[in-house]
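Student: Could you walk me through this structure? I'd like to go over a few residues and the domains.

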Amino acid sequence: KKVIFSGMQPSGIITLGNYLGALKNWTNLQDEYNCLYCIVDMHAITVRQDPAVLRKNARELMMLYIAAGLDPEKNIIYMQSHVSAHAELAWILNCFTYMGELSRMTQFKDKSQKHSDNINAGLFTYPALMAADILLYQADLVPVGIDQRQHLELTRDIAIRFNNLYGDTFKVPEAYIPKVGAKIMSLQDPTKKMSKSDTDVNASISIIDDTDTIIRKFKRAVTDSETEVRFDEENKPGVSNLMTIYGAITGQTMEQVTNEFAGKGYGDFKVKVGEAVAEELKPLQNRFKELSSDKAYIDGVIKKNAETASYLATKTLRKVQKKVGFPPII
Ligand code: ATP
Ligand code: MG
């Protein structure tokens, strides 16, 4: 079976963007592939986090993975910080990653603009840690949203570079990006991607927002001064984003969505999108509530999967340590 690796940062409650761009697709892969889904808490601290909130978010993210339909018996769902091989391989890969490459990363540029008071070295070398995450498990495919494509390209370059220097060591992974929903935009600024760390609560739909909140946020979504529901990302980014969300959930093409709302105003349209989203998230939210009262179950998953992931990761790490010339323990 091929190996899939992906992860999300517990940097907030995940959004509809994270769900449509990544999580929803993960659940379709669990029978066909060997999947690892990580909660990348080490990546999250590249931006300042409150320790108590981070701890809570990390646990809730694991519960959301499971609530979305990931079976912890079929998938290795675990916390990044529980597997020290991530940090160890990241260090080695840092030494095979160029400053020039890291400087070109748009996520680094965006985040250092947003957090200009904390442009730390971890934020800069984020992609080397991400490469370690993926390469440790010899992943074939990495299901992510479009914003992570550039980091994945760099991961491939690092893997190829290392393989050329030391002989075949890493599987060179491929990005697996959904056709629809790979870049959901902010509801308040449809030229920016929706992000869970956005401080404007109206900009994103949290995956655990209740129906009223979801509909209210869609009603407030920024569109344009026309009235026609038409897909035109350049001139009508707000409407196009809502159409994409609706299409991703109902499985309709943009043409079908256009037909459904022909002659109807934005008001009706926005409410329909909100209702579809609320409906989609309901079952997940119910399971999330159930899981919240089962502490022992989540504790068990955390422990067991940390061990499984560590075992797998160590195999690659030892190989790499040997190749670069670290002396063995005799
Ligand atoms: P942050 O603002 O803290 O970076 P984020 O919303 O970007 O949070 P990440 O944890 O960085 O979330 O990314 C998790 C996954 O969600 C990645 O696969 C990423 O590509 C995907 N993703 C993030 N934002 C979107 C979006 N707006 N549309 C589709 N996919 C997205
Ligand atoms: Mg992000």
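**A residue and its surroundings**

Tutor: Start with D133. This is a predicted model. Leaving aside neighbours within four places in sequence, D133 is in contact with F5, G7, C38, V40, Q80 and H86.

Student: Where does D133 lie, which helix?

Tutor: D133 is in helix α7, which covers residues 121–135.

Student: Buried or exposed? I mean D133.

Tutor: D133 is buried, because 27 C-beta neighbours fall inside 10 Å and 20 or more is the cut-off for that class.

Student: What feature does UniProt place at D133?

Tutor: The UniProt record, an unreviewed entry, puts the feature "binding site" at D133.

Student: Now L36. Which strand is that in?

Tutor: L36 sits in strand β2, residues 34–39.

Student: And why does L36 count as buried?

Tutor: L36 has 25 C-beta neighbours inside 10 Å, so L36 counts as buried.

Student: What is L36 in contact with, neighbours within four places in sequence aside?

Tutor: The contacts of L36 are I4, F5, I76, Y137 and A309. F5 is also listed among the contacts of D133.

Student: How far apart are L36 and I134?

Tutor: In sequence, 98 residues apart; in space, 9.5 Å from C-alpha to C-alpha.

Student: Change of topic. What are the domains of the chain?

Tutor: The domain assignment gives domain 1 as 3–176 + 295–324 and domain 2 as 201–289. Their centres, taken over C-alpha atoms, are separated by 30 Å.

Student: How many residues from each domain does the contact take?

Tutor: The contact takes 11 residues from domain 1 and 11 residues from domain 2.

Student: On the domain 1 side, which elements give two or more residues?

Tutor: Those elements are α1 (16–29) and α3 (51–67). α1 gives the most to that side, with 4 residues.

Student: What classes of residue are on that side?

Tutor: The side of domain 1 that touches domain 2 has 9 nonpolar residues, 2 polar and no charged ones.

Student: Last topic, ligand 1. How many residues surround it, and which are the closest?

Tutor: 21 residues surround ligand 1, and the closest are G17, G21, G145, S195 and S197.

Student: Which element gives the most to that shell?

Tutor: α1 does, with 5 residues in the shell around ligand 1. α1 also gives the most to the side of domain 1 that touches domain 2.

Student: And how does the shell around ligand 1 divide by class?

Tutor: The shell around ligand 1 has 7 nonpolar, 10 polar and 4 charged residues.

Technical notes: Residues numbered from 1 in each chain as written. Chains lettered and ligands numbered in written order. Predicted model: local features only at pLDDT ≥ 70, side-chain atom pairs only at ≥ 80, totals over all residues. UniProt positions renumbered as here; feature names shortened; annotations may be inferred. Buried ≥ 20, exposed ≤ 12 C-beta atoms within 10 Å, placed from the backbone. Contact = placed C-beta atoms within 7 Å. Domains from an automatic or database assignment. Nonpolar A, V, L, I, M, F, W, Y, C, P; charged D, E, K, R; others polar. Near = placed C-beta within 6 Å.
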